[in-house]
Amino acid sequence: MNPPLTTTQAPGPISSFIRFVCCGGGVTVLGSWALIVLSGRMDLALANALVTVVTTILATELHGRFSFRSERKGLSTHLQSAGTALMAYLVTTGAMLALDRFDPMAGVVISQAVYLAAASVAGLGRFLLLRLVVFASRTSPATGQAQTEVALAA
């Protein structure tokens with residue numbers, strides 16, 4: 001006898017966004033601590049690269065499982081997520097380079113405001129891409145039903 005099927009329903013956009021911020025923020029805090037520990041033992045650039053790779057993998061898993069409750073897994077999901085992280089990096093770096101170009105003497109407050117504004121825009125864009133593309137439910141063209149059904153063990 002086949003076990004019953006259930007559809008895993010993705011949380012709503014507000015719930016997903018709150019989970020996205022909590023998971024991403026938590027991983028970022030852990031990564032910052034790891035960077036402090038590792039930078040005392042190896043080159044800072046190498047430590048940052050290592051922390052970035054590990055935290056991106058961890059955040060992708062957490063976002064898939066908790067933020068979006070997606071059944072999508074695998075290398076392509078991680079690569080797509082890494083692509084969104086790269087785009088966020090480019091947005092924040094571009095904003096800081098633009099600030100330096102237009103106001104090379106900007107103070108700490110202005111620099112932080114520009115960085116945080118750019119990070120917020122990049123984070124919102126990353127959230128949308130992850131929710132709507134990377135972890136989106138696939139629908140069957142034949143039935144129009146979401147392909148997020150999973151069998152429950154009896």
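Author: Before anything else, a term: a helix here is a DSSP run of H or I with at least four residues, and helices are numbered from the N terminus. The model we are reading is predicted.

Reader: With that in hand, how many salt bridges does the count come to?

Author: Side chains of opposite charge can pair when their charged atoms come close. In this model the count comes to 1 salt bridge, and it joins R65 to E61, whose closest N and O atoms are 3.3 Å apart. Both R65 and E61 belong to helix α2, where they stand 4 residues apart, about one turn of the helix.

Reader: Is E61 buried, partly exposed or exposed?

Author: E61 is partly exposed, because its relative accessible area is 27%, and that value falls between the cut-offs of 20% and 50%.

Reader: Turning to the rings, how many aromatic pairs are there, and is the pair of F17 and F20 stacked, tilted or edge-to-face?

Author: A pair of aromatic rings is described by the distance of the centres and the angle of the planes. The count here comes to 6 aromatic pairs. For F17 and F20, the ring centres are 6.4 Å apart and the planes meet at 25 degrees, so this pair is stacked. Both residues lie in helix α1, 3 residues apart, about one turn of the helix. Their accessibility must be read separately: F17 counts as partly exposed because its relative accessibility is 34%, whereas F20, at 10%, counts as buried.

Reader: Which distant parts of the chain does the pair of F68 and F135 link?

Author: The rings of F68 and F135 are also stacked, with 5.5 Å from centre to centre and 20 degrees between the planes. F68 sits in the loop between α2 and α3, while F135 sits in the loop between α4 and β2, and the two are 67 residues apart. Both F68 and F135 are buried. Taking the ring pairs together, F17, F20, F68, F127 and F135 are linked into a cluster.

Reader: Which residues make the nonpolar surface patch, and which helix gives the most to it?

Author: The patch covers about 680 Å² and is made by F17, V21, M87, L124, L128, L129, L132 and V133. Helices α1 (13–39) and α4 (108–134) each supply at least two of its residues, and α4 gives the most, with 5 residues. One of the patch residues is L124, found in α4, which counts as partly exposed because its relative accessibility is 43%.

Reader: Which residues of α4 are buried, and against which helices do they pack?

Author: In α4, the buried residues are S111, A118, A122, R126, F127, L130 and V134. The buried residues of this helix pack against α1, α2 and α3.

Reader: Finally, how many disulfides does a search of the whole structure find?

Author: A disulfide is a covalent bond between the sulfur atoms of two cysteines. The search of the whole structure finds 0 disulfides. For C22, the nearest cysteine sulfur is that of C23, 7.0 Å away, and C23 in turn has the sulfur of C22 as its nearest, at 7.0 Å; the cut-off for a disulfide is 2.5 Å. C22 counts as exposed because its relative accessibility is 54%, whereas C23 is buried, with a relative accessible area of 15%.

Terms used. Residues numbered from 1 in each chain as written. Predicted model: local features only at pLDDT ≥ 70, side-chain atom pairs only at ≥ 80, totals over all residues. Heavy atoms only, no water. Patch = residues over 30% accessible without salt bridge, like charges linked within 9 Å, V, L, I, M, F, W, Y side chains within 5 Å. Areas by Shrake-Rupley, 256 points an atom, 1.4 Å probe, with all protein chains shown as cover. Salt bridge = Lys/Arg side-chain N within 4 Å of Asp/Glu carboxyl O. Buried < 20%, exposed > 50% of the residue type's maximum accessible area, 1.4 Å probe, protein only. Phe/Tyr/Trp six-rings, centres within 6.5 Å; stacked < 30°, edge-to-face > 60°. Contact = heavy atoms within 4.5 Å.
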